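Me: I have a structure open and would like to go through it piece by piece. Can you start with the terms and then the layout?

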Amino acid sequence: MGYKKKNMEILADIWNQTEDKSMICPECGGKLILVQVEPIQDAENAYIPYDTVIECSNCNFNIKAESFTILGSVKTFDVGHVEIGSWSPSGSRVLSKYEHILDYETLKHLRESGELVEFLVADNQVIEVIG
Ligand SMILES: [Zn+2]
């Protein structure tokens, strides 16, 4: 458990470090790449989580996380949390709340437009909006 916590702190540091939220290696400053390795079987989860490795393209630095994507729209948000409206596999409406590191303007735009986008969630934190 202590090990996992430490990883999450490293993740938070990495994503908070840069203006544009690009992922930079804490060891050498190289570019980090997120690789989803294989799905974790979990019947209770509406989304398929993947064992994920975040590795440096330049040195041996790497950390493991759990990640998945959600297709949905922003319902509400504040500085630390965002509520995403999406659908369960059976088609019913679902609201999920996550921590996030997204910027205010992006979230404001998404909430106002109601646009459907894919959210990348790693270790229960929304780290990126895809498309
Ligand atoms: Zn590196």
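Reply: Helices (H or I, at least four residues) and strands (E, at least two) are DSSP runs, numbered from the N terminus. From the N terminus on, the order in the protein chain is α-β-β-β-β-β-α-β-β, which comes to 2 helices and 7 strands.

Me: Where do the numbers and coordinates come from?

Reply: Residues are numbered from 1 along each chain as its sequence is written. This is a predicted model, where local features need pLDDT of at least 70 and side-chain atom pairs count only at pLDDT 80 or more, while totals for chains, interfaces and linings use all residues.

Me: What is the average pLDDT of the protein chain?

Reply: The average is 81, and 79% of the residues score at least 70. pLDDT is the predictor's confidence in each residue, from 0 to 100.

Me: Which elements have the lowest and highest mean pLDDT?

Reply: Helix α1 (residues 2–17) has the lowest mean, 54. Helix α2 (residues 104–113) has the highest, 95.

Me: And α2, is it mostly buried or in the open?

Reply: The number of buried residues in α2 is 1 of 10, so the helix lies largely in the open. A residue is buried if 20 or more other C-beta atoms lie within 10 Å of its own, exposed if 12 or fewer, and partly exposed in between, with C-beta atoms placed from the backbone.

Me: What follows α2?

Reply: Gly114 does, and its phi is positive, near 65°.

Me: How much of the whole protein chain counts as buried?

Reply: Of its 131 residues, 17%.

Me: Okay, the core. Which residues of the largest nonpolar core touch the most other members?

Reply: That core has 13 residues, and Val74, Val82, Ile84, Phe119, Val121, Ala122 and Val126 touch the most other members. A nonpolar core is a set of buried Ala, Val, Leu, Ile, Met, Phe, Trp, Tyr and Cys residues joined through C-beta atoms within 7 Å.

Me: Which strands supply at least two residues of this core each?

Reply: β3 (62–77), β4 (81–87), β6 (117–122) and β7 (125–130). β3 gives the most, with 4 residues.

Me: Take Val74. What does it touch?

Reply: Not counting residues up to four places away in sequence, Val74 touches Val82, Ile84, Leu107, Leu110 and Arg111. Two residues are in contact if their C-beta atoms, placed from the backbone, lie within 7 Å.

Me: What share of the contacts in the protein chain joins residues at least 24 apart?

Reply: Among contacts between residues at least 6 apart in sequence, 43%.

Me: Change of topic: strand β1. Why does it lie largely in the open?

Reply: β1 covers residues 32–39, and of these 8 residues the number buried is 0, so the strand lies largely in the open.

Me: How many bridges join β1 to β2?

Reply: There are 7, and the two strands run antiparallel. Two strands pair if DSSP finds at least two bridges between them. β2 covers residues 50–56. Val35 stands opposite Val53 in β2, and Pro39 stands opposite Tyr50.

Me: How many bridges join β2 to β3?

Reply: 6, and β2 and β3 also run antiparallel. Together they form a hairpin with 5 residues between them. One of the pairs is Ile54 with its bridge partner Ile63 in β3.

Me: Next, Tyr98. Which strand is it in?

Reply: Tyr98 is in strand β5 (residues 93–100). With 17 other C-beta atoms within 10 Å, Tyr98 is partly exposed.

Me: Which residues is Tyr98 in contact with?

Reply: Leaving aside neighbours within four places in sequence, Tyr98 is in contact with His81, Val82, Ile84, Val121, Asn124, Gln125 and Val126. The C-alpha atoms of Tyr98 and Asn124 are separated by 6.2 Å, and the two residues are 26 residues apart along the chain.

Me: Where is Asn124?

Reply: Asn124 is in the loop between β6 and β7. Asn124 counts as partly exposed, with 15 C-beta neighbours inside 10 Å. Its phi is near 60°, a positive value in a residue other than glycine.

Me: And what about the phi of Asp123?

Reply: For Asp123 phi is near 45°, a positive value in a residue other than glycine. Asp123 lies in the loop between β6 and β7, and is partly exposed, with 17 other C-beta atoms within 10 Å.

Me: Last one, Gly80: buried or exposed?

Reply: Gly80 is exposed, with 10 other C-beta atoms within 10 Å. Gly80 is in the loop between β3 and β4.
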